[in-house]
Amino acid sequence: MGKSPQSGVPRWFSESRRLYVVKPVLLADIGEGIVECEVIQWFVEPGARVEEFSPLCEVQSDKASVEITSRFTGTVKKLYYEAGEMAKVGKPFVDIDIQGSAAEEEAPPAGEEAPVISAPTEAQAPAPTPVSAPAESPAVPKQKGKSASISTPAVRHLSKELGVDISDIYGTGRDGRVTKEDILKFVQGKDAAAGSPAPTAAPTNPSVQMETRQPLTPTQQMMFKTMSRSLTIPHFLYADEVDFSDLVRLRGRLNKVLAKAPHDGQLAKLSYLPFIIKAVSLALYQFPILNARVELDAAAANKPTLVMRAQHNIGVAMDAPQGLVVPVIKDVGALNIVAIAAELHRLQALAQQGKLAPADMAGGTITVSNIGNIGGTYLSPVIVEREVAILGIGRMRTVPAFDEHDNIVKKQICNFSWSADHRVVDGATMARAADVVRSVVEEPDVMVMHLR
């Protein structure tokens, strides 16, 4: 910048040095009520060139894992968090240098201040490279940095399949990315080392307890935090025994119809779960408090409120390869049994593939957990945050019973276990609502009258 000899006013001019603007990228809201999430891994490191919409990092919330992409094209300046640290929603998590355009370097209009643009100073300039180094200096071993975990989703999937920690591998790809070839060479090296004779170990005492320490997986860490918060809710348990005999017969008839209809690989048969989910929705019309949530106002902690919700968004707890997930079937009140079953099928397929989106996991108002498909009979389910009730379904079993004429008959019995928030739900309300669900399941033809 120079000065005019007549006016002494600063004069702007272009120069060949690179000018840049530092743009902090804020971590956007990735789900309902989520205020922080864990950084699983970075795909970039300081100095790496990024394009708009290219992936920056993968984060894990208590709902799902999400890839965060760049809003700008430029060079990564700073990472605010290390892998494994908790990032705050709405706060900067990475800085990107965006190269100034010619328009930004021109003189600003009169009366306006110049844009805040910085150029490298002597302190920022790289240190001059030494002409020579002492011949006897030992070679410094290559250090692994953040670039060790830079990889594509396909490469990370391969590392999980082969059971290797991607951070142990030196990346040979662009910007230090770990490639499939890097992983395969690493595994071959481990196998070769395992084939060599191991040194004789000192004899151990078999009576001594051996312990090993391992970190929680990202999903386990989120479950740890979520369940810790959930168990601050005062729970009470209500259990009921439900006769599935009529439902077994109805399901059998409907599955015969579905087997004859073309389904194009989508829905070939019905399980019992869609009927139960619909029965829960019917009970919520009579007992809307079970579809509510407790709102604790930080400004008035002693004046909590109850937020009533019109839609029945029923979460379904599922055992997925990555751990427990709870996708949500939206607006169950407006769906029939086949539509509920089709949505349940879609969510189960995504859960098994690890491809559930945050939208699939958000917005739940009450949860159903079917432990019976694994084998349990009784359970005490834990209420999900921002809900006041949860239903646990046990294993269906065949038992002898007496009919109205004292004859012994065969019945299909299943146990329903309810947990409710005792701060707002009393035992009588829970018992009446559970009785509505039981009566609808025991006489499933009633659902026909409530089709919407």
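Select Gln220 to begin: this residue is partly exposed, with a relative accessible area of 38%. Here, buried means under 20% relative accessible area, exposed means over 50%, and partly exposed lies in between, using a 1.4 Å probe and protein chains only. Residues are numbered from 1 along each chain as its sequence is written. The model is predicted, so local features need pLDDT of at least 70 and side-chain atom pairs count only at pLDDT 80 or more, while totals for chains, interfaces and linings use all residues; side-chain values use heavy atoms, with hydrogens and water left out.

**Helix α4**

Gln220 belongs to helix α4, residues 218-230. Helices (H or I, at least four residues) and strands (E, at least two) are DSSP runs, numbered from the N terminus. Next, display the C-alpha atoms of Gln220 and Leu324: they are separated by 8.7 Å, although the two residues are 104 apart along the chain.

Now select the whole of α4. The expected span of a helix is 1.5 Å times one less than its number of residues. Which residues of α4 are buried? They are Thr219, Met222, Thr226 and Ser230. Seen down the axis of α4, the buried residues fall within an arc of 70 degrees, so they line one face of the helix. The arc is that of the directions from the helix axis to the C-beta atoms. The cover over these buried residues includes β4 (36-42), β6 (55-60), β9 (86-88), β11 and β15 (323-325).

**The whole chain**

Of its 452 residues, 37% count as buried. Contact means heavy atoms within 4.5 Å. Among contacts between residues at least 6 apart in sequence, 63% join residues at least 24 apart.

**The nonpolar cores**

In soluble globular proteins, nonpolar side chains tend to be buried together. A nonpolar core is a set of buried Ala, Val, Leu, Ile, Met, Phe, Trp, Tyr and Cys residues joined through side-chain atoms within 4.5 Å. Select Phe244, Val280, Leu290 and Phe416, the residues with the most contacts inside the largest nonpolar core, which has 55 residues. Helix α6 (residues 273-286) gives the most to this core, with nine residues. Centre the view on Phe416: leaving aside residues up to four places away in sequence, its contacts include Tyr238, Asp240, Phe244, Ile276, Leu391 and Val441. A second, separate core of 21 residues includes Leu27, Trp42, Leu79 and Phe93.

Move to helix α9. Its 16 residues should span 22 Å at 1.5 Å a residue, and its end C-alpha atoms are 22 Å apart, which agrees. The buried residues of α9 are Thr429, Met430, Ala433, Ala434, Val436, Val437, Val440 and Val441. These residues cover an arc of only 150 degrees around the axis, which puts them on the same side of α9. They pack against β11, α5 (245-260), α6 and β20 (408-421).

Then select helix α7 (residues 337-353), which has 17 residues and reaches 25 Å from its first C-alpha to its last, close to the 24 Å expected at 1.5 Å a residue. Its buried residues are Ile337, Ile340, Ala341, Leu344, Leu347, Leu350 and Ala351. Among the elements that cover them are α6, β14 (314-320) and α8 (358-361).

**The salt bridges**

How many salt bridges does the structure hold? There are twelve, a salt bridge being a side-chain nitrogen of Lys or Arg within 4 Å of a carboxyl oxygen of Asp or Glu. Select Asp240 and Arg438, whose side chains meet in a salt bridge at 3.5 Å, N to O. This pair links distant parts of the chain: Asp240 lies in strand β11 (residues 235-243) and Arg438 in helix α9 (residues 427-442), 198 residues apart. Asp240 counts as buried, at 16% relative accessibility.

Next, show Glu295 and Arg293, which form a salt bridge with the closest N and O atoms 2.2 Å apart. Glu295 is partly exposed, with a relative accessible area of 31%, whereas Arg293 is buried at 16%.

Finally, select Arg423 and Asp421, whose side chains meet in a salt bridge at 2.7 Å, N to O. To end the tour, highlight Asp240, Asp435, Arg438 and Glu442, which salt bridges with shared partners join into one network.
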